[in-house]
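Student: I've got a model open and I'd like to learn how to read its features. Can you walk me through it?

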Amino acid sequence: LMKSGDPDVVVLGTSRSLEIRKEFFASTTRFINAGMAGRSIRDMNAFVHDMPTHGASTTVILVLDQDLLLRGVDEGDSYTEGGFSLLGLHQHIPLETARGIYMDYFLRHKYTFKDLFEKIRSTRNIGLTALMYGNGFRADGSYRYYQEIQDVGRIERNNVAIGVQVKNIEANKTRLSVKQQKHLEENVLLLQEALAFCNAHGIQVIGITPPYPHLIYMAMSQQDNLYKDMVTILPAQLKSIFSSQGATFYDLSDI
C-alpha cells in the first residue's frame, strides 16, 4: 500500500488509528491509513525503517495509546499475534484466519462464494473478511464499521460500559509495577530509535494519544493510581521524547 500510494501523510498505530480519514486533510493530499500496522512500538519502529518515501516529504502520524509504552515489546505485534501458550512459551499458528474462513464456509455455512462475488460489486471494502462480514479495511486503509453502525443498542450499551469502567478505575489502587517499568524503558528506547531515524531522513512525525470518553478521562486523572500516571506522566514523557527528536506531540486524552 505504501509503495503504490506514495503518501504525503501516513497514519500508523493500534485500532484507534482507524478513525483517521483522508477527509481530514486537503483534497490534494495523498493519504494512507496503515491500519493496525503499529500495534506495538517495535512494529512502529520496523515500519518507519522500511517505509519507502521516494525522497518526497512525508508526514507520519503515530497514534500512541496511553498504555502502549507499558506493554511488553512483543505484545500485540505482527510476530506473535494469534496462537496459544504452552508451558510459558508462545506458539504461533500460521493461517489462523484462513482456518476460520474454512470453518465458516464448509462447516457453519455462513456464506457462499456466490455471496462473496455479489458483494464484490456492491462494496468498496477490500479483503475476504470485509466481504463476508461487512466490517473491514477500505481502499484508503481505514476501517468500515458496518456491523457497529447497524447495532441499534450500541450507544446505550456504550454508556453502561463507560459507567462500569469509571467504577473500576475509582476502585483500582495499583501503581506502576517493576515489570511495567521495564517495558516502559524498552519501549522508550525503540520509540527514540524510530524518531531519530525519521529525523535523519527528513520524515516529519506527529504523535498523538487518542481520546477517552470524558467521564473516563476525569476518573483516570483524579485517582492516585496507575490510571492517573497513564494520562499525566506518560504523555509528558512522550512530549519530551518527541521534542528531543524534532517531532511534535499532542495529548488528546480528553475528548
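Student: Let's start with charged pairs. Which salt bridge do the side chains of R71 and D67 form, and what is the N to O distance?

Tutor: The general idea: side chains of opposite charge can pair when their charged atoms come close. The rule here asks for a side-chain nitrogen of Lys or Arg within 4 Å of a carboxyl oxygen of Asp or Glu. R71 and D67 meet that rule at 3.0 Å, N to O. R71 also forms a salt bridge with D65, where the closest N and O atoms are 3.8 Å apart. Keep in mind that this is a predicted model, where local features need pLDDT of at least 70, side-chain atom pairs count only at pLDDT 80 or more, and totals for chains, interfaces and linings use all residues. Residues are numbered from 1 along each chain as its sequence is written, and side-chain values use heavy atoms, with hydrogens and water left out.

Student: How many salt bridges does the rule give, and which residues does a network join?

Tutor: The count comes to eight. Salt bridges that share partners join D6, D8 and R30 into one network. Within it, D8 pairs with R30, the closest N and O atoms being 3.1 Å apart. D8 lies in the loop between α1 (2-5) and β1 (9-13) and R30 in the loop between β1 and β2 (31-33), so this pair ties together parts 22 residues apart in sequence. Those labels are DSSP runs numbered from the N terminus: helices are H or I with at least four residues, strands E with at least two.

Student: Now empty space. How do I read that?

Tutor: Rolling a probe the size of a water molecule over the atoms shows where empty space is left. On a 1 Å grid over the protein atoms alone, a cavity is a set of points where a 1.4 Å probe fits but cannot get out; a pocket is an open set with protein on both sides within 12 Å along at least five of seven lines, and lining residues have an atom within 4 Å of a point. Grid points are joined across faces, edges and corners, and a volume is the space filled by probe spheres set on the points.

Student: What is the volume of the largest pocket, and which residues lie nearest its centre?

Tutor: About 750 Å³. It is lined by 23 residues, with R16, E19, N158, P211 and P213 nearest the centre. Helix α7 gives the most to that lining, with five residues.

Student: And which residues line the largest cavity?

Tutor: L64, D65, Q66, L69, T209, L234, P235 and L238. Its volume is about 40 Å³, and the structure holds one cavity of 30 Å³ or more. Helix α11 (residues 233-244) contributes the most to this lining, with three residues.

Student: Last one: which residues of the largest nonpolar core touch the most other members?

Tutor: A nonpolar core is a set of buried Ala, Val, Leu, Ile, Met, Phe, Trp, Tyr and Cys residues joined through side-chain atoms within 4.5 Å. Of the 42 residues in the largest one, I41, L62, L64, L191, L195 and F242 touch the most other members. Helix α8 (residues 178-200) gives the most to this core, with seven residues. Apart from it lies another core of seven residues, including V9, I20, I61 and I208.

Note on methods: Buried means under 20% relative accessible area, exposed over 50%, partly exposed in between (1.4 Å probe, protein chains only).
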